[in-house]
Amino acid sequence: MKAPTIHPRRPRNATGVQEPTLEIDLAAVAANTRRFVRQAHGEVMAVVKADGFGHGLHAVARTALAGGATWLGATSIAEALAVRGTGVEAPVLSWLNPVEADVTTACRHRIDLAVPSGRHLAAVVEAAARAGYRARVHLQLDTGMARDGAAPEEWPDLVRTARRAESAGHITVVGVMGHLARAAEPGHPANTTGLRAMLRGVETAGQAGLRPSTRHLAATAATLTDPDTHLDLVRIGAGLVGIDPSGSTRLRSALRLTAPVVQVRRVPAETGVGYGHTHVTDRATNLALLPIGYADGLRRDTSEGARVLVAGRRCPVAGVISMDQVVVDLGDDPVEPGTEAVVFGPGDDGEPTVDDWAHWAGTIPHEIVTGIGHRIRRSIR
Ligand SMILES: *Cc1c(COP(=O)(O)O)cnc(C)c1O
């Protein structure tokens, strides 16, 4: 057998060295945003948590606001402050914080806060009283997930206490929020139950004297499939970046992940490939090496079945994906080192999609797009 040739990575052109790159197509985010703005009965909040679902916080926030979204949403106060730090003036809501979170700083930067319990409310009221301002609050009700939000039995107490704090001038109850567990299954009875719980919660708040102007329950799936859930505001995350958990609607995917072929080698039949030799070639073939691995977000458990587009052909991954590298089987036709391989993209050229990778990994596309590692260069278009 001939000794393998190692080809150095070569510059693609005068301006750039080839390296694994995540291309982010903001036109797709803009088109998706406009679609939700058209469809929503009320306003649209762009949920930009987890670095804008891995697409870049700043880029997604700016694009969504330009497309007609009027609110921004994030989980922690730190994330919400990062949103505010991009210079946006729109209302920003933070909905997931421990009781001891720095609500003083949040309020100083005009961050709206979700309040899921009496203890959270007490902390917000105390900070507001100390600083002499009115905190903007969204009371958060668990509408059937047993996850975040106040349990239904705590709700009457929470709204009464909130009303007293509002009368005392410490808070304004801007909103009431819930979340649906099974919106990806349109028509599931849990969705009706969730909507009823939400409306009952709003009614209870009204009886306590609160007048929240912004009632919000629906995220991407419910917005696409159940107009009754839209209320005053819908919170859209996945849909902005082209993911529809309900499978009902064609949205535009905004990501393309590429890597240059580092090395190509010819191997005989019966060659063990990669750690553990989990793959053994059944014929003589050509193997290409790509400088991208599970530390970059390629899921190691997709090694069997996964494909990468090289020179217009979908080539199988051979062996387990390593931390930094992956081998693909080119078959009889080698390519030049430096050829661009497409790991995933919108699918227009036959390349695998984020949905394909999610399927191979037994997960949802959300986990793929938020899992792309920091050392992958981002290129925003
Ligand atoms: C993530 C999240 C959303 C956005 O959901 P998508 O399905 O991604 O649109 C909305 N609300 C809450 C509370 C969330 O945690």
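This is a predicted model: local features need pLDDT of at least 70, side-chain atom pairs count only at pLDDT 80 or more; totals for chains, interfaces and linings use all residues.
Modeller: Welcome! A helix here is a DSSP run of H or I at least four residues long, and helices are numbered from the N terminus.

Biologist: Thanks! Which helices each supply at least two residues of the lining of the second largest pocket?

Modeller: That pocket holds about 450 Å³ of space, and its lining counts 22 residues. Among those nearest its centre is Asp355. The helices that each give at least two lining residues are H10 (354-361) and H11 (365-369).

Biologist: From which domains does the lining of the second largest pocket draw at least three residues each?

Modeller: The lining residues nearest the centre include Gly242, Leu251, Arg252 and Ser253. By class, the lining has ten nonpolar, six polar and six charged residues. At least three lining residues come from each of domain 1 (26-241) and domain 2 (254-380).

Biologist: Now for the largest pocket: how much space lies in it?

Modeller: Its lining is made of 33 residues, with Lys49, Arg147, His179, Ala219 and His366 nearest the centre. Helices H2 (49-53) and H9 (220-225) each provide at least two of the lining residues. The space in this pocket comes to about 730 Å³.

Biologist: Why does the largest pocket lie where it does, and between which parts?

Modeller: The lining of this pocket has 19 nonpolar, eight polar and six charged residues. Both domains contribute residues to that lining, so the largest pocket lies between domain 1 (26-241) and domain 2 (254-380).

Terms used
Residues are numbered from 1 along each chain as its sequence is written. Side-chain values use heavy atoms; hydrogens and water are left out. On a 1 Å grid over the protein atoms alone, a cavity is a set of points where a 1.4 Å probe fits but cannot get out, and a pocket is an open set with protein on both sides within 12 Å along at least five of seven lines; lining residues have an atom within 4 Å of a point. Grid points are joined across faces, edges and corners, and a volume is the space filled by probe spheres set on the points. Ala, Val, Leu, Ile, Met, Phe, Trp, Tyr, Cys and Pro count as nonpolar, Asp, Glu, Lys and Arg as charged, and the others, Gly among them, as polar. Domain bounds come from an automatic or database domain assignment.
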